[in-house]
Amino acid sequence: MNKNLKNKISDKLVNAFLKNKIISPLPQKITKKLTDADEFRKLCESKIKEPIIGFKAGGTGIPVMKKLKEKEPFYASIYKRNFLKSGKKVKINKSTLGIELEVCYLVKKNFFLSKDAITMKNISKYISHMAPCIEVVGYRQNKKGVTSFGDLCSDFGANVKFLIGQKKKYKKINISNLKTIISNKKINQTVTGNTGAVYVSPLNSLRFVLNKLKKDKVNLNKDFYVFTGSTVGVVPILGRGLYAGKIDKLGSAKAIIH
């Protein structure tokens, strides 16, 4: 695909992102391969002149990764406009894919000064807090379903909103095996999960994102959040109202869907 056409398509998606619009589906040449989708994501993000508060890991479910024949997850920037406190309202549309329950970490800005690769042994020194959060996921395109991680990555990581619960000072807990649950009592919908569903563990997912940021030479020069991926898969939103999620030992987060 030539640069001019790619630029025009990215302008359309950026406009949809900024104005909450829905556009026609992106061409498969952009979405089929994750490497192409990631390049397109970076092009789109370069055109958004708004504060970034952190990054999300996407595609962290290993069974889904195997099914779609992907080798690793992806990451995307999260903007302040899509970052809410627990309990706020989120408007959905026909392109909304679902709702997720995640572990997020607040990472110290001194991470950007580190020279070494991030490992499971040295990662803790860069974390200040952790929290439960809910993510509403979906497209800015007239599109449903997922055939590749490129579908999600190319559209700003398919993030609609993040709603964060109360932060706790970081401490080492068995983060790879905590029970999780998300429910909408009004419509009697409940889905259970486990933090072990997230790319071995949320901490491992964080490690993945931090090393990708290093590789891409990203530097926010401030503390930032990393949202590590769903512990319950992508839960379909079957009705409006309050969705409440809880992660053992970490706390809860809520979203009002309307």
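Author: Rings of Phe, Tyr and Trp pair if their centres lie within 6.5 Å. This is a predicted model. By this rule it holds 15 aromatic pairs.

Reader: What makes Phe 74 and Phe 149 a pair, and why is it called edge-to-face?

Author: The ring centres are 6.0 Å apart, and the cut-off is within 6.5 Å. The planes meet at 65°. Over 60 degrees counts as edge-to-face, so the pair gets that name.

Reader: Which parts does this pair tie together?

Author: Phe 74 lies in strand β2 and Phe 149 in helix α5, so the pair links parts 75 residues apart in sequence.

Reader: Are these two residues buried or exposed?

Author: Buried means under 20% relative accessible area. Phe 74 has 4%, so Phe 74 is buried. Phe 149 has 1%, so Phe 149 is buried too.

Reader: How do you know what kind of pair Phe 111 and Tyr 126 form?

Author: Their centres are 6.1 Å apart, with 85° between the planes. The edge-to-face class needs over 60 degrees. Phe 111 and Tyr 126 are edge-to-face. Both residues are buried. Both lie in the loop between β5 and β6, and the pair ties together parts 15 residues apart in sequence.

Reader: Which residues form one aromatic cluster?

Author: Phe 55, Tyr 75, Phe 111, Phe 112, Tyr 126 and Phe 224 do.

Reader: What makes you say that Arg 41 lies over the face of Tyr 75?

Author: Arg 41 is at 4.4 Å from the ring centre. The distance limit is within 6 Å. Lys 143 lies over the face of Tyr 139 at 5.1 Å from the ring centre.

Methods. Residues are numbered from 1 along each chain as its sequence is written. This is a predicted model: local features need pLDDT of at least 70, side-chain atom pairs count only at pLDDT 80 or more; totals for chains, interfaces and linings use all residues. Side-chain values use heavy atoms; hydrogens and water are left out. Rings of Phe, Tyr and Trp (its six-membered ring) pair if their centres lie within 6.5 Å; planes under 30 degrees apart count as stacked, over 60 as edge-to-face and the rest as tilted. Helices (H or I, at least four residues) and strands (E, at least two) are DSSP runs, numbered from the N terminus. Buried means under 20% relative accessible area, exposed over 50%, partly exposed in between (1.4 Å probe, protein chains only). A charge sits over a ring if NZ of Lys or CZ of Arg is within 6 Å of the ring centre and within 35 degrees of the ring normal.
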